[in-house]
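Hello,

Here is the structure I promised to pass on. Please have a look, and my notes follow below.

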Amino acid sequence: MKKRLLTFLLIAFSIAINAQTIFGKWYNKDETGKIDSVIEVYEKDGKAFAKIIEIAHPKGQNGVCDLCEGKNKGKKILGLNILADLEKDGNEWSEGTILAPNNGKIYTCYIELIDPNKLKIRAYIGVSLLGRTVYWERAGA
């Protein structure tokens, strides 16, 4: 009985710890509220990055970033890194960039965990006031 209780507590603790982080898999939704992709946010060298790991629409499975420039031009959107070099700053991860595959543009951005299952992404050019905010929901939540 003690082993089962200890196992349960360890699992519950692991889930609680994981839910308090930006890292993991997140749903990105389209304008209608349907999930259009799954994004994985991961850490590398103390910075946050993210890539597209699933695309919901069959037509998008083989899509490439034709409008991207530089190293991303012509790359498959599935597997494409879209967030780069975000550094932890209090409750936010900032001073990084986000790539919008639909138009090929790269924006300055910051992300913030609003609650364990909701991530705020603010993309902008120049000043944060001149930008757009989207929210991702934790996958499997």
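Which residues does Trp136 touch, not counting residues up to four places away in sequence? They are Trp26, Tyr27, Asn28, Ile39, Val41, Ile82, Leu83, Asn117, Lys118, Leu119 and Ile121, where a contact means heavy atoms within 4.5 Å.

Before the rest, a word on the source: this is a predicted model, in which local features need pLDDT of at least 70 and side-chain atom pairs count only at pLDDT 80 or more, while totals for chains, interfaces and linings use all residues. Residues are numbered from 1 along each chain as its sequence is written, and side-chain values use heavy atoms, with hydrogens and water left out.

Helices (H or I, at least four residues) and strands (E, at least two) are DSSP runs, numbered from the N terminus. Of its 141 residues, 32% are buried; buried means under 20% relative accessible area, exposed over 50%, and partly exposed in between (1.4 Å probe, protein chains only).

Trp136 is also among the residues with the most contacts inside the largest nonpolar core, along with Ile22, Val41, Leu83, Ile111 and Leu119. That core has 27 residues, a nonpolar core being a set of buried Ala, Val, Leu, Ile, Met, Phe, Trp, Tyr and Cys residues joined through side-chain atoms within 4.5 Å. Strands S2, S3, S4, S5, S6 and S7 each give two or more residues to this core.

Next, the charges. There are two salt bridges, defined as a side-chain nitrogen of Lys or Arg within 4 Å of a carboxyl oxygen of Asp or Glu. One joins Glu137 and Lys29 at 3.1 Å, N to O; Glu137 is in strand S8 and Lys29 in strand S1, 108 residues apart. The other joins Glu87 and Lys47 at 3.5 Å. Because Glu87 lies in strand S4 and Lys47 in strand S3, this pair ties together parts that are 40 residues apart in sequence. Glu87 is partly exposed at 38% relative accessibility, and Lys47 is partly exposed at 27%.

Found in the loop between strands S1 and S2, Asp30 is buried yet has no salt bridge, and the nearest side chain of opposite charge, Lys34, is 6.5 Å away. (Lys and Arg count as positive, Asp and Glu as negative; His and the chain ends are not counted.) Asp30 does touch Asp36 and His57, not counting residues up to four places away in sequence.

Best wishes
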